[in-house]
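Please open the structure in your viewer and keep the selection tool at hand.

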Amino acid sequence: MAEATDDRLRLLIERIERLEEEKKGIADDIRDVYAEAKAVGYDTKIMRQIIRLRKMTPDDRSEQETILDTYKAALGMG
């Protein structure tokens with residue numbers, strides 16, 4: 001029984017290692033796309049903000065914008 005458990009653990013660890021390697025590859029690919037965007041003149045900081053906003057639900061995005069407007073008004077920024 002212990003041997004079967006050891007094999008299962010080894011297989012799980014190996015799967016995680018493969019997935020981590022894939023994740024690193026994907027992160028490298030994303031970095032390359034941002035570098036390409038920057039090379040043609042896009043602002044990658046703004047692109048990252050847009051991507052973060054697109055991940056949000058419309059309600060969450062609206063709530064965040066309302067809070068931001070409230071803070072800006074409190075600080076006399078508009």
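Select Arg 31 and Asp 28, whose side chains meet in a salt bridge with an N to O distance of 2.3 Å. A salt bridge here is a side-chain nitrogen of Lys or Arg within 4 Å of a carboxyl oxygen of Asp or Glu. Both residues lie in helix α1, three residues apart, or about one turn of the helix. Helices are DSSP runs of H or I with at least four residues, strands are runs of E with at least two, and both are numbered from the N terminus. Asp 28 has a relative accessible area of 25%, so it is partly exposed; buried means under 20%, exposed over 50%, and partly exposed in between, with a 1.4 Å probe and protein chains only.

This is a predicted model, in which local features need pLDDT of at least 70 and side-chain atom pairs count only at pLDDT 80 or more, while totals for chains, interfaces and linings use all residues. Residues are numbered from 1 along each chain as its sequence is written, and side-chain values use heavy atoms, with hydrogens and water left out.

Next, select Lys 23 and Glu 20. Their side chains form a salt bridge of 3.3 Å, N to O, and the two residues are three apart in helix α1. Glu 20 is partly exposed, at 42% relative accessible area.

Now select Asp 7, Arg 10 and Glu 14, which are linked in a network of salt bridges. Within it, the side chains of Arg 10 and Glu 14 meet at 3.3 Å, N to O. These two residues lie four apart in helix α1. Arg 10 is partly exposed at 40%, and Glu 14 is partly exposed at 28%. A search of the whole structure finds five salt bridges.

Which residues form a nonpolar patch on the surface? Select Leu 9, Ile 13 and Ile 16, which together have about 270 Å² of accessible area. Patch members have over 30% relative accessible area and no salt bridge; like charges are joined within 9 Å, and nonpolar side chains (Val, Leu, Ile, Met, Phe, Trp, Tyr) within 5 Å. Accessible areas come from the Shrake-Rupley method with a 1.4 Å probe; for residues, only the protein chains shown count as cover. Ile 13 lies in helix α1, residues 2-39.

Finally, display the whole chain, which has three helices and zero strands. Its C-alpha trace spans about 70 × 35 × 20 Å along the principal axes. Buried residues make up 4% of the 78 residues.
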